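Hello,

Here is the structure I promised to pass on. Please open it first, then read my notes below.

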Amino acid sequence: MSDDAPFLRHAPAGEPMPLVLDSPHSGERYPDDFDHAPPRADVRRAEDTHVARLWQGAVRHGATLIEACFPRAYVDPNRSLDDLDPDLLADAWDGPLERSRKTEQGIGLIWRLARGGVPMYARKLRAEEVRHRIDRCYLPYHGALSTELDRLHRRFGAVWLLDCHSMPAIGDVNSDDPGRARDDFVLGDRDGTTCAPEFTAAVASALRDLGYRVAVNDPYKGVEIVRRHGRPGERRHGLQIEINRRLYMDEETLIPNTGYAGLEADLDRLAARLCAFVRDHL
Ligand SMILES: [Zn+2]
């Protein structure tokens, strides 16, 4: 794959399992046409830095990992295409628009605000710039996920998606819970609609067995990726998982902290348990 590929696919080592992990927000390749106003260090605080690397061991247990290479503040695959703030644009948009809570918070499809609430751009974006981001990054990423999930579903009759993220330790100004200290992990199944409850329960209990505090659907319920790809009635299960960033990095510098290696080892144990769960539910 070329250097400017929008995503990377990490194939399972050995026998594949119908378990896909995806990391939509850990991309670190900043396109030349991003043209953000705040310093890069501030913009990077939107990333779920290191998340794809932390989960990479899951492929040894048979999972497939798909990671976005583009930064989520450039275009966010975990938003719906109509979650676009018209205030960002210099000209008219030719698609449907639906203001969501995320639009209001400045963190819709194209982020209007960087973390801390400062404007992301010093100018309006042309509609064709936004269209380019969708065509170049957003659609290929969802296409890769659909291809992988469809292929495994055809082969196994069921498939499980773990949509992998990380979250600030304390809710910030872009969030629904400013100032609040988060648990170690937050699982989101959009109030039980994107996967069978047994899957959410299995991930929660595996994490609690490893000694972590786990919340479910609070404050993160899961957004577009599990909404779009999680259809439990068709045996397609999607669950969002948020890791508290203080478990593995300094949130200002993005440098891994002393917790990183231990967390990585625990995620490896979790991936092994999830593959066992998947095997038991085929
Ligand atoms: Zn994320």
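The protein exposes about 11,600 Å². Carbon and sulfur atoms supply 51% of that area. Accessible areas come from the Shrake-Rupley method with a 1.4 Å probe, and for residues only the protein chains shown count as cover.

Two notes on the source. This is a predicted model, where local features need pLDDT of at least 70, side-chain atom pairs count only at pLDDT 80 or more, and totals for chains, interfaces and linings use all residues. Residues are numbered from 1 along each chain as its sequence is written, and side-chain values use heavy atoms, with hydrogens and water left out.

Now the overall build. There are seven helices and seven strands in the protein. Helices (H or I, at least four residues) and strands (E, at least two) are DSSP runs, numbered from the N terminus. Along the sequence their order is β-β-α-α-β-α-α-β-β-α-β-α-β-α. The radius of gyration is 18 Å, close to the 19 Å that the globule rule gives for 282 residues, so the protein is as compact as a globular protein of that length. That radius is taken over C-alpha atoms, and the rule is 2.2 Å times the number of residues to the power 0.38. The C-alpha atoms fill a box of roughly 55 × 40 × 35 Å, taken along the principal axes.

Of the 282 residues, 56% count as buried. Buried means under 20% relative accessible area, exposed over 50%, and partly exposed in between (1.4 Å probe, protein chains only).

Asp48 is buried, at a relative accessible area of 1%. His165 is buried too, with a value of 1%.

Last, look at Leu65. Its place is in strand β3 (residues 64-68). Leu65 is buried, with a relative accessible area of 1%. Asp22 is 43 residues from Leu65 in sequence, yet 5.5 Å away in space, C-alpha to C-alpha.

Best wishes
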